[in-house]
Amino acid sequence: MKLQCTDILKNEPVEITFVNNRIQSINQIESTRSLMLLAPALVDIQVNGFSGYDLNVPTVTDEDVCKMVHSLWHVGTGFLCPTVVTASYESISNSFRAIVGACNADSAVAHSILGIHLEGPYISPVDGPRGAHPIEHIRNPDWDEFRRFQDIAEGMIRIVTLAPEKFGAIPFIEKLVSEDIVVAIGHTDASVENIQEAISAGAMLSTHLGNGAHANIKRHPNYIWEQLGSDELWTSLIVDGHHLPPTVVKSMIRAKTLDRCILISDAVALAGMKPGNYQFAGQPVELTEDRCVRLQGTEYLAGSAIELARGIENSVRFAGISLAEAFSLATLQLKKLLGLDNKIDNYDDSTKANMILFYWNSDRFEIDLTMTILNGEIKYQRN
Ligand SMILES: [Zn+2]
């Protein structure tokens with residue numbers, strides 16, 4: 001089978017030859033009439049669950065993690081950081097074991113998992129900043145506990161989101177950074193000083209800036225402006241149309257520039273499920289028709305129910321950036337942030353390429369996925 005398409009990041013037409021479900025070669029061609037586009041497989045560093053599989057239930061198994069990763073391939077997400085949130089020591093440990101077990105059981109899953117994102121439990125207990133994290137398990141940074149977690153995770157913890165105002169947080173950040181872990185500020189009630197101290201200690205990312213925040217806040221200074229205006233910090237954005245209004249997305253992308261923004265889904269298990277009332281993270285939540293997950297009876301969001309591709313579409317729509325720029329926020333930018341090797345966008349060894357093929361509907365701002373290829377092998381193909 002041969003397919004022609006255009007590489008959206010390089011704006012180059014190519015022809016891909018497949019043999020037995022695998023790429024045999026990718027060759028540049030003069031031109032193509034095909035409207036099919038090619039982009040690197042998407043990278044999502046904040047995934048709590050998907051398609052009914054929840055990384056944060058105490059009963060999560062290796063098999064659940066494998067199935068979750070496989071279901072993400074169907075929506076174009078080829079790489080991820082499974083995200084484990086605030087819970088008891090036992091529950092967090094069990095989630096780590098399941099992720100490690102999944103990587104051991106399935107080499108393709110191991111290829112897709114770039115490391116674990118630990119979001120919490122060292123975050124603010126205050127309503128609003130806390131988001132949907134269970135208050136009874138929120139605690140101060142504890143290096144001994146973290147070391148035990150990292151041992152159980154077999155060194156896979158790659159990103160930690162914490163609140164820098166917690167007791168002991170600054171030396172804790174310094175230790176994480178010395179172990180090459182990306183420290184993100186999030187679910188925080190930090191002062192301006194707390195944020196600057198965290199930056200000096202090596203924090204480099206704001207997790208879902210503008211979310212995990214008070215419903216009402218002093219106009220300025222506050223922890224959102226301080227992070228937005230600090231060029232040392234990258235920011236991750238949930239662009240599902242609910243977590244941030246369109247003009248806020250546009251303002252944040254412009255303030256941070258494309259060089260310091262990344263897109264995340266922050267998807268929970270309800271992503272890919274029908275609207276209705278569910279139990280999630282031990283609390284009743286409501287999934288609305290327009291893919292919004294709220295703590296029942298409140299205005300607080302409890303994670304998103306989109307896939308990362310929808311965030312790319314919305315970024316084009318909300319921020320007026322090009323499709324190629326929006327794709328870079330979910331691919332190349334992650335390679336820079338995490339210091340990844342070439343596997344994100346290098347097709348020189350085409351037999352190991354990681355990419356998606358799709359059509360772009362510019363009237364409806366829709367990505368129409370046709371194929372996901374990982375390590376040169378077709379992992380998803382729309383019938
Ligand atoms: Zn969060």
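Predicted model: local features only at pLDDT ≥ 70, side-chain atom pairs only at ≥ 80, totals over all residues.
**View 1. T161 reaches H117 through a polar contact.** The side chains of T161 and H117 meet in a polar contact of 2.7 Å. By polar contact we mean a pair of N or O atoms within 3.5 Å, where, within protein, one must be able to donate a hydrogen and the other to accept it, and residues adjacent in sequence count only if both atoms are side-chain atoms.

Residues are numbered from 1 along each chain as its sequence is written, and side-chain values use heavy atoms, with hydrogens and water left out.

View 2. T161 sits in strand 10, residues 157–162 (strands are DSSP runs of E, at least two residues, and helices are runs of H or I, at least four, all numbered from the N terminus). Is T161 buried or exposed? With a relative accessible area of 0%, T161 is buried (buried is under 20% relative accessible area, exposed over 50%, partly exposed in between, using a 1.4 Å probe and protein chains only). Leaving aside neighbours within four places in sequence, the residues in contact with T161 include L118, E119, A184 and G186 (contact means heavy atoms within 4.5 Å).

View 3. Which residues hold the donors? They are E119 (OE), H187 (NE2) and H208 (NE2), at 2.0 to 2.1 Å from the zinc ion. Donors here are N, O and S atoms within 2.8 Å of the metal (3.2 Å for Na, K and Ca), and water is not among the atoms, so sites may look incomplete. Along the sequence, the donor residues follow the spacing E-x67-H-x20-H. E119 belongs to strand 9 (residues 116–119) and H187 to the loop between strand 11 (182–185) and helix 6 (192–201), so this pair ties together parts that lie 68 residues apart in sequence.

View 4. E119 counts as buried, at 2% relative accessibility. H187 is buried too, with a relative accessible area of 5%.
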